[in-house]
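Have the viewer open and follow along.

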Amino acid sequence: MRRPIDHDGLSVFDSYRIEQQACIESSLSCHGVATLHVGTLLDLGLTVIRDPGDFTRILITNAPFESPNDADQERLADTIAEGARVARLCRWRKK
Amino acid sequence: MPVLEREIEQRWSRSYAKEPYKRRLQELAQAWSAVESPRAAEVRFYGQAGYRKSAEFPALAPSSAEVPTKTKAGFLFRFFKQKISRINRRAPKILAGIYIPIPISLQRLLDLLDENGEDDHGMIGPTQFAFKTASEFVLKAEGMVGWDIKSAPVVDSEGGIRITWRNGNRQVKLICPATAKAPIYIYKSSPTRSSVLNENVSIAALAENLSWLLHGDQSDQPST
């Protein structure tokens, strides 16, 4: 979910630029990896751009925030979540 | 006849109601009255010139005329006193053996407390405000509906709690923010419509939405 501090958009990894294991190990804790299809996101009216600060990441600039208090934004967040595919489940915690 | 009633009758008829026991009790009372009471001994030692007349000192030991009558009411009083003290002694063992089912929604909320601290996405555990609010809403609303509906609570990046209830293609969400500054709201959706209730959010309103989730309503029918 997009946090209130994520002003530039929801940041996700680009699967063409990074392996799943590297994604997992880059975070402090991880319970799994899910994938989003760019074409589906574009169909939903979302904007997807390359993160100018990190080559391996992509920004969904108009992704809904986590508690939008708006019915349309909630529905959009649900639609994005339903379109995601779980690629891997794990239990990772950086020591 | 109930078990307790039968036990009372058996014990009453076995011990207290029998004549030999009464006679024995009277003998004991007479023996006790023969023993000089401390007050009587005091009067005898100091003489009648004490502060009070001897008549003012009532005898401590009951006289033979004052043998307490074994009434059934007295027996019942002692019987239940014994029972209660026995239950009190065994209470820790009894309570340990009692299984109180916790609603699944509450159990899942409690599971959120297992972890705390922060990770890359913010807080892992809920804030005290969010947990208290969510628990109160969930317990009371589900109690009003009379149904333990499975829910999926998650913690947001600030420590707020989002709880989702699903039934088929309908869902209800309760969003409890991390602090009292942000509003609590209820989101409900079905294939035909979705709405947010962000004013006058109450437990009754959540119960109403959960009832809608379980039973639906006529307005969900597609218009012709």
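## A loop in chain B

Asn200(B) sits in the loop between S7 and helix H7 (203-215) of chain B. Asn200(B) is not a glycine, yet it has a positive phi of about 55°. It counts as exposed, with 7 C-beta neighbours inside 10 Å. The burial scale goes like this: with C-beta atoms placed from the backbone, a residue is buried if 20 or more other C-beta atoms lie within 10 Å of its own, exposed if 12 or fewer, and partly exposed in between.

A word on ground rules: this is a predicted model, where local features need pLDDT of at least 70 and side-chain atom pairs count only at pLDDT 80 or more, while totals for chains, interfaces and linings use all residues. Residues are numbered from 1 along each chain as its sequence is written, and chains are lettered from A and ligands numbered from 1 in the order in which they are written.

What does chain B bring to its contact with chain A? There, 17 residues of chain B are in contact with 12 residues of chain A, contact being C-beta atoms, placed from the backbone, within 7 Å. Strand S6 (185-189) and strand S7 (194-197) of chain B each supply at least two residues of the side that touches chain A. That side of chain B splits into six nonpolar, eight polar and three charged residues. For the classes, Ala, Val, Leu, Ile, Met, Phe, Trp, Tyr, Cys and Pro count as nonpolar, Asp, Glu, Lys and Arg as charged, and the others, Gly among them, as polar.

## Helix H3 of chain A

Helix H3 (residues 71-83) of chain A has 13 residues and reaches 18 Å from its first C-alpha to its last, close to the 18 Å expected at 1.5 Å a residue. That expected span is 1.5 Å times one less than the number of residues. Glu74(A), Ala77(A) and Ile80(A) are buried in H3(A). They cover an arc of only 125° around the axis, which puts them on the same side of H3(A); the arc is that of the directions from the helix axis to the C-beta atoms. On the other side of H3(A), Asp72(A) and Glu82(A) are exposed.

## Two loop residues in chain A

Asn69(A) is in the loop between S4 and H3 of chain A. Its phi is positive too, at about 60°, although it is not a glycine. Asn69(A) is partly exposed, with 16 other C-beta atoms within 10 Å.

His37(A) belongs to the loop between strand S2 (29-35) and helix H2 (38-43) of chain A. It is exposed, with 11 other C-beta atoms within 10 Å. His37(A) and Gly83(A) are 46 residues apart in sequence and 7.9 Å apart in space, C-alpha to C-alpha.

## The sheet of chain A

Three strands of chain A form an open antiparallel sheet in the order S1-S4-S3. Strand S1 (10-13) and strand S3 (48-50) of chain A stand at the edges with a single partner strand each, so one side of each is left without a neighbour in the sheet. From one strand to the next, the twist averages 35°; axes are lines fitted to C-alpha atoms, for helices over the stretch in contact, and angles run from 0 to 180 degrees between N-to-C directions.

S3(A) and strand S4 (residues 57-60) of chain A are joined by three bridges. Val48(A) has Ile60(A) in S4(A) opposite.

## Both chains overall

Chain A has three helices and five strands, in the pattern β-α-β-α-β-β-α-β along the sequence. Buried residues make up 17% of its 95 residues. Among contacts in chain A between residues at least 6 apart in sequence, 68% join residues at least 24 apart.

Chain B has seven helices and seven strands. Of its 224 residues, 17% are buried. Among contacts in chain B between residues at least 6 apart in sequence, 57% join residues at least 24 apart.

Note on methods: Pairing = 2+ DSSP bridges. Helix = DSSP H or I, 4+ residues; strand = E, 2+ residues; numbered from the N terminus. Contact = placed C-beta atoms within 7 Å.
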